[in-house]
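These are my notebook entries on a structure that I went through chain by chain. I set down what I looked up and what I found.

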Amino acid sequence: MTAYVIRRLMQSVVVVLIMSVIVFFGVNVVGDPVDMLINPEADQEDIEAAIRALGLDKPIGEQYLFFLKNAITGNLGKSFIFGEPALQLIIQRMPATLELAITALLMAIFLGIPLGLYAGLKPDSPASRTIMAGSILGFSLPTFWVGLMMIMVFAVMLGWLPSTGRGETATFLGITSSLFTLNGLQHIFMPALNLALLKISLVIRLTRAGTREAIHQDYIKFARAKGLSPHRVIMVHLLKNILIPVVTVIGLEFGSLVAFSVVTETIFAWPGMGKLLIDSIQQLDRPVIVAYLIIIVLLFVTLNLIVDILYSILDPRVRLGEREA
Amino acid sequence: MTTVEQTELDLVEDEHERILAQTPFQRFKADFLESKIATVALVTLVAIVLVAIFAPLIAPQNPYDLAQVSVLDARLPPGTKSEFGYTFLLGTDGAGRDLFSAILYGLRISLSVGVMSGFIALVIGSAIGLIAAYAGGRVDSVIMRVVDIQLSFPAILIALMLLAVFGKGVDKIMIALVTVQWAYYARTVRGTALVERSKEYVEAGVCLGLSRNRILFRHILPNCLAPLIVVGTVQTAHAIALEATLSFLGVGLPQTEPSLGLLISNGFEYMLSGRYWISFFPGIALLLTIVSINLVGDQLRDVLNPRLER
Amino acid sequence: MSRVKVIFAAFFAVLIAFSAPAFAKDLKIGLASEPTSIDPHFHNLSPNNALARHIFDRLVHTDENQALVPGLAVSWKPINDTTWEFKLREGVKWHDGSPFTADDVVFTFTRAVNVPNSPSGFGTYLKGKEAVKVDDHTVHIKTPKPYPLMPNDMSTFAIVSKKNGEGAKTEDYNSGKAAIGTGPFKYKAYVPGDKFVFVRNDDYWGDKPIWEEVTLKPIKSSPSRVAALLAGDVDMIAQVPTTDIERLKKEPKVSLSQGVSNRVIYLHLDHDRDNSPFVKAKGGGDIKNPLKDQRVRKAISKAINRDAIVDRVMEDVAIKAGQLLPKGFFGVSPNLKPVDYDPEGAKKLLADAGLKDGFQLTIHGPNDRYINDAKIAEAVAQMLTRIGIKTEVVTMPRSVYFKRASRGGPDKTPEFSFILVGWGAGSGEASSPLKSLIHTHDKSKGFGASNRGRYSNAEVDKLIEDALATVDDAKRQDLLAKATEVAIGDVAIIPLHYQVNTWGTRKGLKYKPRTDEATMAVGVVEE
C-alpha cells in the first residue's frame, strides 16, 4: 500500500510537469497579455517597456526554463495583473471556493443518495417518478439560468436571501469560514444549491441505477433469504455495493466543483478561485493560470488516489497492488 | 400438483417460449415500448431530429443569411408581421433573426455538436477505460495520469487555444468538446471494469480460454453499460450546455450562425429585460430535447442491462 | 422562564442585533470590473485609476466632463517654452496627519514610473518630464520641447506621500500600510476578489463626501449586478446593460443616471496593403484592395444605418458619431456631422469605383470589450451585405483579438482588413485619438500606435504634430479640429457612435455621470 501510494505520487510529479508545459506554451499561443494590460494611450515604446517588465521579450523556451528554475524553489511567479505571487492569490481565494464546494457536495450526498435509493427501491411509485423527473430538470437547465432565476425569486422578489457575495466570516477551531456565521450561511445557500443541482441529479441517477441492478443480484437475495432485516440489507449490503460508481463520480465531481465553479462564482459574485481562473484566462495572466492548473492537477491526482483506495476498502476484490502484474 | 397450478406453469412456460422465439431486436422493441413515458419521449426525440434535419424546408427565414436578417427587426414580440410577409411566430432576437427559424437551425447544430461529440467521446473514452482496466500495470498508470491532466484542464482554455490556432467553427467546437469529455467516460468505465474484471464470470471466461477481446467486449463492456449510459445521457446534455457556456464566453460558434446554446446564452442578457421570448423559447426547445434524450437513455439502460430481470 | 425560552430569547436578540439597520450613512457600489490593486501607480487602467481617486488626489483634477479643475495644485501656467509652474495647495494633510509638500510631488515623479512588475505604468505621461521643487508649495516641471498637454498629463496620476511611499511595494498599498493619501476617503479594508472598504476622511480639503463608509464590490455578471441593485444589496451599480434599461426605467425602486462617454466606436479599414487578406472579389478570388479607394470607404460609411444601430442594437443608449469625440470636448470640429444613411448613394459610389457587383469582406471584432460589440459587428455586416458587399462576421474574445488586430500578421503587421474597435480619449481632448489612431504609424516618434489600418496622410500628420507643439489653446483647438476634418473627410476611419454610460442607483440617489466612465463614491448624491 505505501509503495503504491509513493509510486502514484511520483507519477504525479511527471503529470504536473507535463501540465505546466502544455499550459505555458498553450497560453502563449492564444495571445499576448500586454495587449490586455496596456493602457490604450501608450505608444510603441511603452508597449515594449511593458513587455520587458513582464519578461515576455525573451524566447518562450527561455521563459519556461526561468519558470522551472523558480518553481523548484516554490516560486510560481507573480501575477501579471495583480503583481502579487500567483500562489498567494490562489490560496487567498481558496477557502471561499472550498466552503462552497463542500457545502454543495454535502447537499449532493445527503439529498442525492437517499432520493436515489428510494427511487431505485420503489421505481414505480409516483414519488419516485417525481424525483426522476426533477433530476432530469436538474441538469437540463443551464447553471447560469437557474442561478439568475434563484436570485430573482429569493433575493429580488421575496427578499429572503442576499443576492450576491460572500457573507461575514468567523474563526472556529483555527479555520476562518463564512459557514460559521448566520450571515455567511444566508449568503452561501443559493450559490451552493446552484452548484449542487447538477451533482444532486447525477447522484440520484447513479444511486437509482445501482440499486435497481443490485436488488436482483444473488447476494441481496441471499441476504434476504437469510432473514436479515430489510433495513440491514439495504444499509449494509446494498449500499456498500452501489457506492462504488457513486464514489468514483462524486470524487471526480468534487474536483470539478472546486476547480470549475466558474459560472456559479461569476453569477453570485463569489470571491473564489473559479472567478480568479476565468479572469486570468480572459486576461491571459499566465503565471496564475499555470499555478492554478498545477494545484488542480495535484487535487485531481490526490482525489483519484483516494477514490482508488476507497475502492479497495469498499470492494475487497479490487486489489491496489495488482497493477504490478 | 393441482390442475390450476399446472395451467399457470404452462402459461409461464408459454410466455418463456414466446420470448425465446423473438429476435433480439423484437424483444428489445417490446421491452422498450413497455414504458409509456419513454415511448412519448422517443416520439418527441424523433420529431425533434426530423425537424432539425428538415429545418431549411420548414423555417420561413434562413437565419444564417445576413441579407435576410435585419437589425431593424430586432426584439420584436411574437406575432409581429415581417416585411417579407411571414409572421415572426416566436418573435425575433437581438440581431433581428426570426426566433422560430433560428431555433430550428440552432437545433441542428446543437444536436450534431452535442450528440456527435458526446458519442465520439463515449466511444473513445470507454475504449481507453477498458484497455486501462484490462491491461493494468504501466499502461493503466499512463492512461490514468493522462486522464488526470485532462480532467484538470478547463474547457474554456482548450477552446480558447483551438480558437486562436484554427479559428471558429462547428468542427473546432466538436474537437474541444470531445477533448473535454472523453476522460469522464474513461474514468467511469475503468472503475466499473476493474470491479467486473475480478468477478467469477470473467475468471470463468479466462479459464474457458476465451479470447481477450471477447471477454472485454462481450462480457465486461455490457456489464459496464449501466453507469456508462447514465454518465452518457448526462454528458450529452452537458455537452450541449457546455457548448452554450463556451458560446457565452465568446469562444464558441460563429455568432451569425447561432446554435441553440448560443441563442440561450444570448437570451441570458434579456432575462431581466421583460422580453421573455428571447430567452424563453430557445430554453424550452433545449429542455424538451434534453429531457427526451434522457428519458430514452433511462429506458435504454434498463432494457439493455443484462442484470435487470424484467 | 424555562431554559429553552431563554435560549430562544437570546437567539432572537442576537438576530435582531445583527439585522438592525445601520444608522451611519453607508454606500455600497457594485462595480462591473475589478480593480487589480490599491497601488495607484501599479496599473494604469480605468478601474484602478477610478479606485485610486477615492484615496489619492492628483495635481489637476477633472470634473464630470473631463474639464481640468484645481486638485492638489491650485494653479498652473507655462513660465517659458519648456517649463510649467504648478502652485500647490497649502494646508493639505495626508491621512496620517503629515503635511503635503512639493517633496511628495517630486517623489511621485520617480515612483510612478518605477513600480516593479507593473504591466502598464505612467511612463506615457511622465517620460521626458522633470519635476523640480522651488519651495514647499511650488513645483516646476521641465520638458525638452514645448509641451501644451502638461495640465492634462498631470491629471492622470495620483500623488503619493513620500514618507509612506519610500520603499513601499504594491503589496504595502494593498495591505493599507502605504495607502496613505490626501483624498476624500481613507483605506479601511481590501478583500481581493470581494470588496474594497473606505471610510470618510473628515479632514478632506475639498467638499467632504456625504458617505461615512463606502464599499466597492466587483460584480462582473451584468444581470447579477442589476439583481443586486433590485434586491437592495447595493445602492448603486456601474454599467447597467443596455438590454435592461427600458425595464429599469419603469422600476419604482431604481433610478438611472446617464451620460455620454469619451469613447467612440469605429471601423478601421486596411489603407495599406494592395492584397488585403480578408478582402476578396465576388466569388472568392483575389482583388486589389478596394478599401484603398476613397469612394469605396465612403460607400461603406453611407451604407451604415447609424440610427438603426443606435436604436435597435444599443437600445437608444448611444449617440451616433461623425468624428472622434462627441461635441463639447476640446478639439472637436463643429463642422462634422454623422454620415447619413444612403444605400442608393453607396451603391452608386461602388459602381463608380468599378465594383458594381460588390465584393467580399470579413469584419473582425471583439465580443467582450465594448457595449454590444459583437451585435454591432453583425448589424454592420447585415447592412453591407445589402449593398452588395458580402460580409462575414468573426468575433472573438479580446484576449485573442487585440494581438491579432495589432500585430498578428507577417512582420508584426495588423492581421485583419476591416475591424470594429473603440477609443476612449483618456486625456479628454482630440489629440489623443488623432495621435494614436490617425497619425502615420511611426515607432520612433511614438505616433500611430493603434493605427491598425495603417492610414497615412502627410497633411494630417503635419496638422497633428503642429497642434502638439502649440501651447496656445485657441490655436491648438483649431489645428486639432482641422486635422479631424481632413482625416474624416478622407474616411481614415468610419465612426459609428459614442457610447453612453448608465449608472443605476436606488431611488433617492443620483450619480453625476462622468465622460471618463469612472465610478466614484463622491459622485453619488442624495436627491
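The entries below begin with one chain as a whole and then turn to selected places. I note at the outset that the model is predicted.

**Entry 1: chain A overall**

I first looked up the secondary structure of chain A, which comes to 13 helices and 2 strands. The C-alpha atoms of chain A fill a box of roughly 85 × 60 × 40 Å along the principal axes. I then asked what share of chain A is buried. Of the 325 residues in the chain, 52% are buried. For the contacts in chain A with a separation of 6 or more, I noted that 70% join residues 24 or more positions apart.

**Entry 2: helix 6 and helix 8 of chain A**

I next examined how helix 6 (residues 126–140) of chain A lies against helix 8 (residues 182–214) of chain A. Their axes come within 8 Å and cross at roughly 140°. Angles over 145 degrees would count as roughly antiparallel; helix 6 and helix 8 of chain A are therefore oblique to each other. I recorded the crossing of helix 6 of chain A past helix 8 of chain A as left-handed.

Which residues meet in this pair? From helix 6 of chain A I listed A:Ile131, A:Ser135, A:Gly138 and A:Phe139. On the side of helix 8 of chain A, they meet A:Leu197, A:Leu198, A:Ile200, A:Ser201, A:Ile204 and A:Arg205. The residues of this contact divide into 6 nonpolar, 3 polar and 1 charged.

**Entry 3: A:Asn194**

I stayed with helix 8 of chain A, where A:Asn194 lies. Is A:Asn194 buried or exposed? I found 24 C-beta neighbours inside 10 Å, and the cut-off for a buried residue is 20 or more, so A:Asn194 counts as buried. Leaving out residues up to four places away in sequence, I listed its contacts as A:Thr143, A:Val146, A:Gly147, A:Met150 and A:Thr264. I also looked up A:Val263, which is 69 residues from A:Asn194 in sequence and 9.8 Å from A:Asn194 in space, C-alpha to C-alpha.

**Entry 4: chain B against chain A**

I then asked how many residues of chain B are in contact with chain A. I found 47 residues of chain B in contact with 48 residues of chain A. Several helices of chain B each supply at least two residues of the side that touches chain A, namely helix 6 (137–152), helix 7 (155–166), helix 8 (170–197), helix 10 (212–248), helix 11 (260–268) and helix 12 (277–304). I noted that this side of chain B divides into 27 nonpolar, 13 polar and 7 charged residues.

**Entry 5: helix 3 of chain C**

In chain C I looked up helix 3 (residues 102–111), whose buried residues are C:Ala102, C:Asp104, C:Val105, C:Thr108 and C:Arg111. What covers them includes strand 5 (83–88), strand 6 (130–135), strand 7 (138–142) and helix 6 (162–165) of chain C.

Most residues other than glycine have a negative phi.

C:Asp411 has a positive phi of about 55° although it is not a glycine. I placed C:Asp411 in the loop between helix 14 (398–407) and strand 17 (418–424) of chain C. With 5 C-beta neighbours inside 10 Å, C:Asp411 counts as exposed.

For C:Val491, also a residue other than glycine, phi is positive and near 50°. C:Val491 is found in the loop between helix 17 (473–489) and strand 18 (493–506) of chain C. I noted C:Val491 as buried, with 23 other C-beta atoms within 10 Å.

How values were computed
Residues are numbered from 1 along each chain as its sequence is written. Chains are lettered from A and ligands numbered from 1 in the order in which they are written. This is a predicted model: local features need pLDDT of at least 70, side-chain atom pairs count only at pLDDT 80 or more; totals for chains, interfaces and linings use all residues. Axes are lines fitted to C-alpha atoms, for helices over the stretch in contact, and angles run from 0 to 180 degrees between N-to-C directions. Helices (H or I, at least four residues) and strands (E, at least two) are DSSP runs, numbered from the N terminus. Angles under 35 degrees count as roughly parallel, over 145 as roughly antiparallel, 65 to 115 as roughly perpendicular and the rest as oblique. A crossing is left-handed if the near helix is turned anticlockwise from the far one by less than a right angle, and right-handed if clockwise. Two residues are in contact if their C-beta atoms, placed from the backbone, lie within 7 Å. Ala, Val, Leu, Ile, Met, Phe, Trp, Tyr, Cys and Pro count as nonpolar, Asp, Glu, Lys and Arg as charged, and the others, Gly among them, as polar. A residue is buried if 20 or more other C-beta atoms lie within 10 Å of its own, exposed if 12 or fewer, and partly exposed in between; C-beta atoms are placed from the backbone.
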